[in-house]
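Q: I would like a close look at one part of this protein, with its backbone explained step by step.
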Amino acid sequence: MPMPPAVLRIAVTAAGFLLTVGTAFAAAPPHSAPDRTAAAAADPADWTAPLSTRGRYIVDAHGDRFRLKAANWDGAQGSWTGSGSVTDPADHHAGQDSHGIPLGLDRAPMSQLLADFHALGINSIRLPFSNEMIHGTTPVPDGAVAANPQLRGKTPLEVYDAVVDALSRSGFAVILNNHTNTTRWCCGVDGNERWNSGQSTAQWADDWVFMARRYASVPRVVGADLYNEVRRDVLDDPNWGLGDNHDWYGAAQLAADRILTEADPRLLIVIEGVNWTGIPVDGLPHGRPVLTPARTLSHTLVDTHKLVYSAHFYGYTGPRHSGATGIGETHDARYQDLSRAELSAALDDEAFFVTEAGKHYTAPVWVSEFGIGAGETNAAARTWFGNVTDYFADHDADFAFWPLVGFEGHDDWALLRYDGSGHRSGILDSGDWRATAWQHLITTPGRTGPVAAVPLWRMLSTDHGDAVASLRVRATGDWDQGAHKAACPDGTRLAGLSHTGGRGLCTDTATGDLRAAEARQTVVTDERNVPSGGDWASGYTKYQCPAGEFLIGYSLRGERVSAALCAPARTALSGTGRTVWFDRSDTRPADAPGGDFAAGAYKGQCGTNEYAAGIAFTTRVGSRPGPAALLCRTLP
C-alpha cells in the first residue's frame, strides 16, 4: 500500500534501524461462520466461479479468460499508524480511522458502495485483513457502520463476513488478502514485515485455513493472497528458499498446500514476490527482488492450475529505491525517474517474465497494487502513471488499484471518496486527471473467450525436505521413509533431473495425464526391472520402471538416489529408448522447454515426445551419487 514519500518505508541511520514496535494481541476462539441462507439473489455476472489458470491467463469455470480488473477495498487490515492514540483519527493514516473494517461503511450504504464500484468498470475486489481481526471479539462502534445499521453490534470479522457476502452476491470476484499481523497501517518497519513477525508460521497457516474454510461456501470468493509486501525487519531480510524461519518461498508453499488440501481447493493461491531486502544506504546491498527469485525456484502446488504470482509497483519506489525521502533515501532511481522504455524493461525483469510460456515458473502475474493521488502535481509521477497503465493495457495485465475507498478531504489516492453525508467524488468525476489513464486501462480490449490448455511445466525441489506434489501419491503414505521424496503433481510425469541439488522437472506435454486410473504405484529400489541384454547404463546402478510404467517421482538420501517412483500408464508404452547422460554436462532438448529448473547444476531431460522410464547413478568412491542418466523412451 502507498505511503507518501515523506513517510519512511524503511528507515535507517548509520547506527542502525529506527524501529516502531507493533502491538501484541491475544487470540480469541474463532467465530462460527455466519448464516448465509438469507442472502439475496446474486446480481448477474458474466463469469462463473471457481477460477483457475491456463498458462499466463486466469480462466473461469468454463475455461473463458477472466481478467482481474480490481481495486483494493482496504480498512480491515488497520489504519492506525503505530504512534499516538489509537482512538484519535489524527493518528490514523490520512486521518481515516477504519475501526478495523473496510472503509466507507460509516458514510454510504453497502448498496451504494457496490453500485459505485460497478460504475468504475472493475470486476474484482482485493479485500485486505489482519490476523488480529480474525481473533477480535469487541464489536465495532456504532459510528463505524452508521450508514449500514444492520452491521451494528458485529465484530470486525462479522462485518468482514457481511462485506464478502455482499460483494459475492453483487457479482464481484473476491480475493482475500492477509495484509498484516496486527491491525495497523502497513508498510514500513512496523512489526508486520513478515507473515510471522508477530506469530509463528504455523499459527499464520492455521489462520489461513480458518479463513478459507469460513468462506468456502461463498461462490465468488476465488483467491487467497497469502501476505502483503514481505520485507526486511529491523535486523534481518526475508529470503526465497533458504529453509529457515524467514523463508517466504517455503512459508507460502506450506500455506498454499494447507489451504488447498484442508480448506478450499477452489481457491487461486496468490503469492507476492519479496518487496525489499537490504539496508537502503548508498554503497550497501539493497533492492526489491519482487519475483526475480522465481526464475530459479518456483512454486509447484498440488493443483497446478491455481498459482498466481503478484507484484506491487508505485512511482515513488524503484528497483533499488525504498520510496523513502530523507532518512532511508538513496540515490537510486525511482520508477517515475525511468523513461518509458526503462520502465518497461524493469517491469519485464522484475515480474512479467513470469508470463513467458513454457517455463517452470509460467503463471499469471497480478499487479495487486499500484496507484497515485488525484492531487499529484509532480510531472514525473503523472508521466509514470500514464506509462505504467499503458504497459498494463498493452500487456493485457491483471491489476488492482490502491485504494478503492477513502474519505473526502483525507485520502486523494482513493478512486472513490465519500464525505460525511455520503456524497461521492473521485475518478468518476470530470476533474480527476487520472480518469483518462484509468479508462484506457479499463477499456482497452484484451483476450476474451475460451483459453486453450497449454503444456504444463513444473519443478520439484528437495532442498529442505519432501516435494510430493501429487495427492494420489500422498494418499499411499510414506513410500521411502527417511528419504527426501519428490513426486510430480497429478496429471504430469517426470521429464528431467539434476545431477546435484535434488531438482526435478515435470510436464504433461504431448500426452496430458498419462497415468492410469488405478491407484497402484511401484517403488523401485533395485535392478529387477532391467531386462537381460537391456543394460542402458553400463557400470551404473539402474532403477527402471516395470514394463508399462513411467517415472513420476524419485527419492534421495543426501545426494544419493534412494528410489524411483513409477506409475502405470493409461495406454501401452513403447520399449524403445535412449540413455540421456548428464553427470558431466547438460543434456537437454535444444529449446530447453521448462527453463532452467536447476541453476548451476548439470541437468538431463527427455524430449517432449518421450517419457522417463529409469534413473541411473553410481556409488563409486570419488563420484557424486546423484542421478547421472535417464532412460528416455518414445511416447506412443
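Between which two strands does the loop that holds Pro50 lie?

A: This is a predicted model, in which local features need pLDDT of at least 70 and side-chain atom pairs count only at pLDDT 80 or more, while totals for chains, interfaces and linings use all residues. Residues are numbered from 1 along each chain as its sequence is written, and side-chain values use heavy atoms, with hydrogens and water left out.

Pro50 sits in the loop between strand E2 (16-17) and strand E3 (52-54), where strands are DSSP runs of E with at least two residues, numbered from the N terminus. The peptide bond that joins Ala49 to Pro50 is cis, with omega about 0 degrees.

Another cis bond runs from Trp402 to Pro403, with omega near -15 degrees, and Pro403 belongs to the loop between strand E14 (398-401) and E15.

The backbone angle phi deserves a look as well. Val290, in the loop between strand E11 (286-287) and strand E12 (307-312), has a positive phi near 50 degrees although this residue is not a glycine. Val290 counts as buried because its relative accessibility is 3%, buried meaning under 20% relative accessible area with a 1.4 Å probe and protein chains only. Ala592, which is not a glycine either, has a positive phi of about 45 degrees, and its place is in the loop between strand E27 (577-581) and strand E28 (603-605).

How values were computed. Helices (H or I, at least four residues) and strands (E, at least two) are DSSP runs, numbered from the N terminus. Buried means under 20% relative accessible area, exposed over 50%, partly exposed in between (1.4 Å probe, protein chains only).
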